[in-house]
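Please read this briefing alongside the sequence and the structure.

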Amino acid sequence: MDTITEKRAAFRSLHESGCFAIPNPWDIGSARYLQHLGFKAIATTSAGFAFARGLPDNGVPRDIVLAHIRELVDATDIPVNADFENGFADEPNDIAENVKLCVETGVAGLSIEDSTGDKAKPLYDLDYAVARIKAARAAIDKSGADIILVGRAECFLVGRPEIEEVKRRLKAYAEAGADCLYAPGIRTREDIAAVVRAVAPKPVNALIGGPVGLTINDVAALGVRRISVGGALARAAWGGFMRAAKDLAEHGRFDGFKDAAPHDELNEFFRADVERQ
């Protein structure tokens, strides 16, 4: 795709029918490899990027996240959706300003969470959360960019695993202007289907971050339009690294390298990939 406008149009089209996987790279190399595999879009991962920076999830400052988003947009030819966390602000006016900055990176979509980061009160009151979504929507509309706004209900990730509350929040975000709805943490067929029904006909993003007994076809059959994996690919990479490093540190053994990707295969991929750019 030649232009940001074309990427954005293609991304919106993906949400109109069917179901697609939108995996989450954490750096340029992983993004380029996912593009090579034929995925039609990718999404950033706050956790995967934070761990690569030596920080906890949601611990990376806004401007570094913006630079990372722009880096992946510039490095790939497919649409990028930004995991924009909670917008890096509380106040709707500040959300609008930060969303404007995110739009300027060239993203095709961005998500806004309703989590506060405060363990005592982990979710924004619904009216305030809706105001934040409306502010994000207004900022996108003012920019004139065709960007998918994703409204996220974080209930299941912050200790409030109540599907009725998830549905109530996502319906409100849909009415406030979110194009796509997302409730990370829900896992059962029943809950996923309930969310799809609650916000229909708007598309739903499902997070599958582990072996939960569902395939892409299973999730698609429930009516989900897109499937992301969050930090799971990054954690899979960390899993191999940690096992090999611990084996080396604790036992003086190199057995953990047996499943490592071959140097020649990686080198050849990136050599050919550079030539294609």
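The notes below start with the basis of the values and then go topic by topic.

This is a predicted model, in which local features need pLDDT of at least 70 and side-chain atom pairs count only at pLDDT 80 or more, while totals for chains, interfaces and linings use all residues. Residues are numbered from 1 along each chain as its sequence is written, and side-chain values use heavy atoms, with hydrogens and water left out.

**Pocket and cavities**

- The largest pocket holds about 840 Å³ of space. On a 1 Å grid over the protein atoms alone, a pocket is an open set of points with protein on both sides within 12 Å along at least five of seven lines, and a cavity is a set of points where a 1.4 Å probe fits but cannot get out; lining residues have an atom within 4 Å of a point. Grid points are joined across faces, edges and corners, and a volume is the space filled by probe spheres set on the points.
- The largest pocket is lined by 44 residues, and D57, E113, R152, E154 and L157 are the closest of these to its centre.
- Two or more lining residues of the largest pocket come from each of helix 3 (46-52), strand 3 (80-83), strand 7 (204-207), strand 8 (226-228) and helix 10 (232-251). Helices (H or I, at least four residues) and strands (E, at least two) are DSSP runs, numbered from the N terminus.
- Searching the whole structure gives two cavities of 30 Å³ or more, and the largest cavity holds about 60 Å³.
- T44, T45, S46, F49, A50, V60, V65, H68, D83 and E85 line the largest cavity.
- Helix 3 and helix 4 (62-75) each give at least two residues to the lining of the largest cavity; helix 3 gives the most, with three residues.

**S46, in the cavity lining**

- S46 sits in helix 3 and is one of the residues that line the largest cavity.
- S46 counts as buried because its relative accessible area is 9%. Buried means under 20% relative accessible area, exposed over 50%, and partly exposed in between (1.4 Å probe, protein chains only).
- The side chains of S46 and D57 make a polar contact at 2.7 Å. A polar contact is a pair of N or O atoms within 3.5 Å; within protein, one must be able to donate a hydrogen and the other to accept it, and residues adjacent in sequence count only if both atoms are side-chain atoms.
- Apart from neighbours within four places in sequence, S46 is in contact (heavy atoms within 4.5 Å) with D57, N58, D83 and E85.

**R132, a buried arginine**

- R132 belongs to helix 6 (residues 126-143).
- R132 is buried but has no salt bridge, and the nearest side chain of opposite charge, D90, is 4.9 Å away. Lys and Arg count as positive and Asp and Glu as negative; His and the chain ends are not counted. A salt bridge is a side-chain nitrogen of Lys or Arg within 4 Å of a carboxyl oxygen of Asp or Glu.
- The R132 side chain reaches the backbone oxygen of N86 at 2.7 Å, and a polar atom of this side chain lies 3.1 Å from the backbone oxygen of E113.
- Beyond neighbours within four places in sequence, the contacts of R132 include A89, P92, I95, I112 and Y124.

**Salt bridges**

- Side chains of opposite charge can pair when their charged atoms come close.
- The count comes to 21 salt bridges.
- R12, R137, D141, D146 and D179 form a network of salt bridges.
- R253 and D255 form a salt bridge, with closest N and O atoms 2.6 Å apart. R253 is partly exposed at 43% relative accessibility, and D255 is partly exposed at 38%.
- K258 and D259 form a salt bridge at 3.4 Å between the closest N and O atoms, and both residues are exposed.
- E268 and R271 meet in a salt bridge of 3.0 Å, N to O. Both lie in helix 11 (residues 263-276), three residues apart, about one turn of the helix. E268 is partly exposed at 42%, as is R271 at 43%.

- S143 lies in helix 6 and is partly exposed, with a relative accessible area of 39%.
- A polar atom of the S143 side chain lies 2.6 Å from the backbone oxygen of I140.
- G117 lies in the loop between strand 4 (109-112) and helix 6, and counts as exposed because its relative accessibility is 77%.
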